[in-house]
Amino acid sequence: MGRLRARLSAAPVAGLACLGPLVLGLAARGGLRESPAPAGREGAAVEVVEFDERERAILARLSPLGAPPADPTNAVADDLAAARLGRRLFFEKRLSGKGEIHCAHCHDPERAFSDGKQLSEGVGKTARNAPGLIGVAWQRWLFWDGRADTLWAQALHPIEHPLEMDGDRVAVARLLERDPELRDLYEGVFGSLPEMDGWPEHARPEEGEGALGRAWRAMTPGEQELANRVFSNVGKAVAAYERRLIGGPSPFDRFVRGLSSPDPKASAGDLALLDPSAQRGLKLFIGKAGCRQCHTGPSFSDGEFHDVQVRPLSGGERTESMRLGAVRKVLGDPFNAAGPYSDAREGAAVEHLTFLAAQSESWGAVRTPGLRNVALTAPYMEQGQFADLAAVLRFYSTREGAAPAGHHQEKVVKPLNLTPEELGDLQSFLLSLTEEPPPEEWRLPPP
Amino acid sequence: MAGELLAVADSGNDRVQVFRFDGSLAAVFGSRGPAAEQMNRPSDVAFAADGSIYVADLFHQRVQRFSAAGELLLGFGTPGPNPGQFGGPTGLAVHGTFVHVVDRDNSRVQIFDAAGELVDWYGIHALRPREGLGKLHYPLRLALSADGRSALISEPVEDRVQVLGPVDPNEEVLPPLPALPPSHFGGAVDADGPVVVITEPSIPKVLLFQMLDGEPIEIGSFGVYGSRSGQMLWPADVAVDLAARRIFVADSGSRRLLSYSFRFDPQEEVGFDPERVRFVAAADLGEIELGDFLSGSGTVSIEPAGLWRDGEGGLCLSDARQGLVWRLDSRMEISGCFVPPQGRVVLGDGCALAARGEAGAPRAQCVVDGLGGRVLELPSGRVVASGFARPAAVLATQAGELYVTDGGSHSLQRIGAARPEVARGPGLGSRELTKPRGLCELQGGRVLVMDWGNHRGMIFDRENKFVRAFGSQLFIRPTYADKQEKTPEPAAPTAPPPAGPRVPVLDGSRPWHAGRSAITHDGNFLVFWKPTPDPIVERQTFAVEAWVTRASTPNELAREASIELDAAMPEHGHGMNVVPRSTVQEGGSIRIEGTRLHMPGRWEVYFDVRVGPRTERAQVTLELD
């Protein structure tokens with residue numbers, strides 16, 4: 001908790017003195033009453049903003065977090081041995097082309113599995129901000145543009161991306177084959193590795209005359225299929241690991257629990273976890289600020305794509321079609337839920353693809369990020385355009401600097417024109433979404 | 001051209017023909033339709049270096065690439081103003097492995113690589129007419145020099161060709177202007193009482209205005225790009241009937257006539273209402289049995305050009321393909337047609353002539369013959385006016401005056417007047433027009449002309465004095481913008497809108513009576529429906545079982561009817577991000593799967609009932625929390 005406290009207390013925003021008790025409350029597990037109260041509220045009893053029945057019904061849909069949705073496309077999604085293998089692979093630098101970069105390079109456990117940079121840097125500088133991974137099991141689409149439809153398929157992209165890990169699937173298979181420990185772990189979950197006699201050392205499907213692409217094209221379809229199978233299993237193991245990155249209840253969760261408890265005495269400690277400012281922020285969040293339109297459900301994301309017209313980091317006009325282009329990519333991805341490497345080629349995940357519409361109005365639309373632990377994953381937006389939460393909230397309030405909306409864009413976001421107090425309240429609320437960190441067993445690198 | 005081959009975009013037939021230099025046909029491919037390998041108004045073709053052929057598919061807002069044998073290799077582009085999207089691809093040229101695409105209504109040329117990825121673009125929207133230096137105004141076609149360093153771009157609106165050359169990337173030649181939100185008053189307009197409707201074909205949208213003290217205030221807009229019910233590809237013309245609260249849209253892209261209802265109460269405060277307009281019905285004009293109306297047999301495909309009220313409660317539709325004018329009743333059923341005695345002529349917009357019909361005979365209509373440079377009266381075929389360079393629209397006012405816009409001479413003319421020229425251009429002055437198009441009469445005998453080339457509407461009073469300009473501020477001169485007159489609008493008719501149809505009393509004798517019910521806006525069909533799971537929850541995929549009956553016989557399934565389900569959030573201006581699928585069940589019900597409302601809030605759910613060439617909409621509103 002020490003790290004968490006330091007980060008939260010250092011939040012550079014005026015009007016956040018109220019965070020003191022919040023954090024102490026977390027640390028002391030209900031010892032809030034002994035902690036200093038916000039200015040002007042000395043000695044006050046637990047104050048609770050009135051939440052009516054409708055608001056309480058909404059809160060019940062935001063908390064508790066519950067269990068992550070199942071992923072039938074990954075037969076080992078909840079397999080412990082697979083998760084252990086996945087954890088090894090997540091922190092395995094040899095998956096990358098030069099053996100220098102692992103997943104944790106950009107998804108740093110010390111930063112709630114994000115990297116604190118505007119644009120993440122693997123082998124080269126990418127065009128995206130690395131999102132945190134706590135609670136990633138709830139994500140319906142992966143990547144900011146949603147070009148992967150399962151967590152395991154997502155895990156494969158960075159390994160081969162030339163600017164991220166720049167590895168290749170055949171080298172990954174070779175690594176599993178040659179490292180006895182990895183081999184044991186892999187074969188314990190997925191059965192024997194295929195024979196790789198005659199396979200090249202390095203190969204991945206890519207256009208052009210590069211050596212990796214040529215080597216891939218020289219492989220037989222059978223060999224390619226086997227390599228893809230091993231590669232998809234690597235993704236499934238990593239996903240099994242990432243699915244266990246689940247935080248404990250946040251002050252917000254405990255507040256909601258307290259609110260719905262019939263016993264006022266027992267609930268007082270929970271209710272005190274959200275000071276009046278955060279409670280007012282919560283009321284705004286589910287009410288007039290309209291945040292809940294998109295940040296809905298227990299992960300605070302609708303799992304959809306919206307265009308909030310943030311300009312690219314470079315300034316100027318936006319050129320990336322985001323969701324519009326990604327729809328085509330995910331439909332054509334051999335590792336999608338409907339593809340040959342999926343373990344459930346029918347059901348909800350496949351329906352997502354079956355009925356998916358490629359619409360011109362989704363140009364520029366970006367995945368709604370979840371907000372749990374949002375205080376830990378600055379900077380914000382797909383290119384880290386906003387340094388802190390205050391900047392994000394200011395943007396939604398004033399829409400200053402927003403790219404002009406075209407005729408085809410949806411009109412979900414309008415200036416909220418919030419007062420400084422309201423902005424402070426919203427920010428207090430967002431800070432209350434910081435969960436207890438995931439268990440060390442999964443949070444830290446393998447010994 | 002490539003080698004010994006010449007490719008031609010056969011726009012009218014929605015195909016590409018490739019000829020050898022001896023005139024023999026080497027290949028023909030393409031047909032009209034929405035599939036990836038089909039096309040809708042191919043506007044230009046270009047050979048790639050490898051002999052494959054690029055096609056600009058105008059109404060589908062995309063570019064396709066076919067092999068020399070006509071096999072589809074690649075398709076890219078969607079409608080919109082953003083990079084990589086199109087607002088009317090009209091011209092193509094290839095250099096090396098890159099294809100340059102003229103994106104007309106977005107005022108630019110976009111460059112794509114062989115994989116269809118956007119590489120770069122050039123050209124920005126002109127701020128004033130005649131402005132050059134790389135600023136484009138409705139560019140149409142393009143040619144590239146052999147070294148690819150110069151581009152020749154034609155701009156018919158400006159009657160000019162611009163030659164663009166390479167620039168030093170370090171030297172800023174063009175001022176960095178913010179992207180203009182494009183306003184493309186498309187030229188089609190109609191008015192009834194204080195209500196004015198204007199199309200923006202390439203967006204595509206129809207805008208609704210209410211005249212308030214001489215000034216048009218936008219009170220609504222509608223239009224979603226697509227071929228599904230209620231969507232449109234290229235709204236060529238509009239007609240509005242205030243008493244019936246109906247707007248009719250002639251969509252030349254999908255060859256359909258669409259009908260919308262709208263809320264309007266002259267007592268209400270004037271303001272924009274996102275839920276003002278509802279889609280009511282669509283009539284497919286793509287396959288009309290000729291023998292029903294004319295001598296001859298087989299089917300014809302109507303290509304709507306002009307649409308106007310016939311003065312007798314019905315509509316007239318000029319057909320650019322057949323060169324005749326169709327008459328339709330208010331339900332959009334074809335009731336007959338006028339054939340010009342001159343034979344097939346290229347027809348544009350028209351109007352009803354006041355009180356020129358013989359007693360008992362259909363009222364006379366006027367229509368422009370665009371290429372013939374004249375105005376014809378139908379059915380007589382009498383030439384009412386002639387000598388125009390490129391007439392676009394004709395208007396007969398209630399006072400009996402006849403006005404004609406002539407795009408060729410940039411003029412608005414009053415036929416038979418001592419000084420026939422009301423305005424002439426090209427130019428931006430208060431009596432100047434640039435490529436004017438549509439015309440309509442406002443209350444008080446004022447005339448509204450769509451000054452298409454200037455992105456504005458111009459209003460003249462009955463003495464033809466300039467009253468007001470509206471539209472793109474950049475095309476309205478401050479010198480006269482200040483002097484625009486404010487005159488109180490004549491009182492609008494206050495007749496209440498016609499009552500909507502109601503679901504009849506059901507006797508509960510059929511299993512579907514237990515479902516929820518909705519009636520189509522035109523009152524012809526009942527839709528019974530039941531969602532699973534029930535109630536509908538936001539972001540949760542649900543299925544719908546639906547039954548259709550005629551409203552008059554709710555105990556009997558209309559088995560010939562099919563249903564498409566769609567949904568939208570009118571306040572947000574977006575629909576669903578899934579496409580549900582319908583299948584007919586054995587018992588006669590229709591099962592719709594894959595529906596998902598992806599946000600909380602106010603949703604409209606549409607049931608589009610299709611029987612033969614006609615579609616009618618029933619809708620319900622859901623508040624999802």
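## Basis of the model

Residues are numbered from 1 along each chain as its sequence is written, and chains are lettered from A and ligands numbered from 1 in the order in which they are written. Because this is a predicted model, local features need pLDDT of at least 70 and side-chain atom pairs count only at pLDDT 80 or more, while totals for chains, interfaces and linings use all residues.

## Overall form of chain B

Chain B contains 1 helix and 52 strands, where helices (H or I, at least four residues) and strands (E, at least two) are DSSP runs numbered from the N terminus. Its C-alpha atoms fill a box of roughly 75 × 60 × 55 Å, taken along the principal axes. The radius of gyration of chain B is 25 Å, which agrees with the value near 25 Å for a compact globule of 625 residues; this radius is taken over C-alpha atoms, and the globule rule is 2.2 Å times the number of residues to the power 0.38.

Among contacts in chain B between residues at least 6 apart in sequence, 46% join residues at least 24 apart, a contact being two residues whose C-beta atoms, placed from the backbone, lie within 7 Å.

## Strand pairing in chain B

Strands β6 (residues 62–66) and β7 (residues 72–76) of chain B pair in the antiparallel sense over 4 bridges, and two strands are said to pair if DSSP finds at least two bridges between them. Within this pair, Val63(B) stands opposite Phe76(B) in β7(B). The two strands form a hairpin with 5 residues between them, and Gly70(B) in the turn has a positive phi of about 95°.

Elsewhere in chain B, 4 strands form an open sheet with antiparallel pairing, in the order β35-β36-β37-β38. Its edge strands are β35 (391–396) and β38 (421–424) of chain B, each of which pairs on one side only. The twist averages 10° from one strand to the next, with axes fitted as lines to C-alpha atoms (for helices over the stretch in contact) and angles running from 0 to 180 degrees between N-to-C directions. Strand β37 (residues 411–414) of chain B is joined to β38(B) by 3 bridges, and these strands run antiparallel; Leu412(B) has Ala423(B) in β38(B) as its bridge partner.

Most residues other than glycine have a negative phi, and most peptide bonds are trans. A cis peptide bond, however, joins Leu378(B) and Pro379(B), with omega about 10°, and Pro379(B) lies in the loop between β33 (374–378) and β34 (383–386) of chain B. Another cis peptide bond joins Asp534(B) and Pro535(B), with omega about 5°; Pro535(B) is placed in the loop between β44 (525–532) and β45 (542–550) of chain B.

Arg245(B), in the loop between β21 (235–241) and β22 (246–251) of chain B, has a positive phi near 55° and is buried, because 23 other C-beta atoms lie within 10 Å. In chain A, Phe143(A) has a positive phi of about 75° although it is not a glycine. Phe143(A) is found in the loop between α4 (80–90) and α5 (151–160) of chain A, and it counts as buried because it has 22 C-beta neighbours inside 10 Å.

The domain assignment of chain A gives domain 1 (2–65 + 247–320 + 363–443) and domain 2 (80–242), with bounds that come from an automatic or database domain assignment. The contact takes 23 residues from domain 1 of chain A and 23 residues from domain 2 of chain A. On the side of domain 1 that touches domain 2, the elements giving two or more residues are β2 (366–367) and α17 (440–443) of chain A.

Helix α6 (residues 169–178) of chain A is mostly covered, with 7 of its 10 residues buried, among them Arg169(A), Val172(A) and Leu176(A). The buried residues of α6(A) pack against α5, α7 (180–190) and α9 (221–242) of chain A.

## Contact between the chains

In the contact between the chains, 27 residues of chain B meet 29 residues of chain A. The side of chain B that touches chain A divides into 12 nonpolar, 13 polar and 2 charged residues, where Ala, Val, Leu, Ile, Met, Phe, Trp, Tyr, Cys and Pro count as nonpolar, Asp, Glu, Lys and Arg as charged, and the others, Gly among them, as polar.

Notes. Buried ≥ 20, exposed ≤ 12 C-beta atoms within 10 Å, placed from the backbone.
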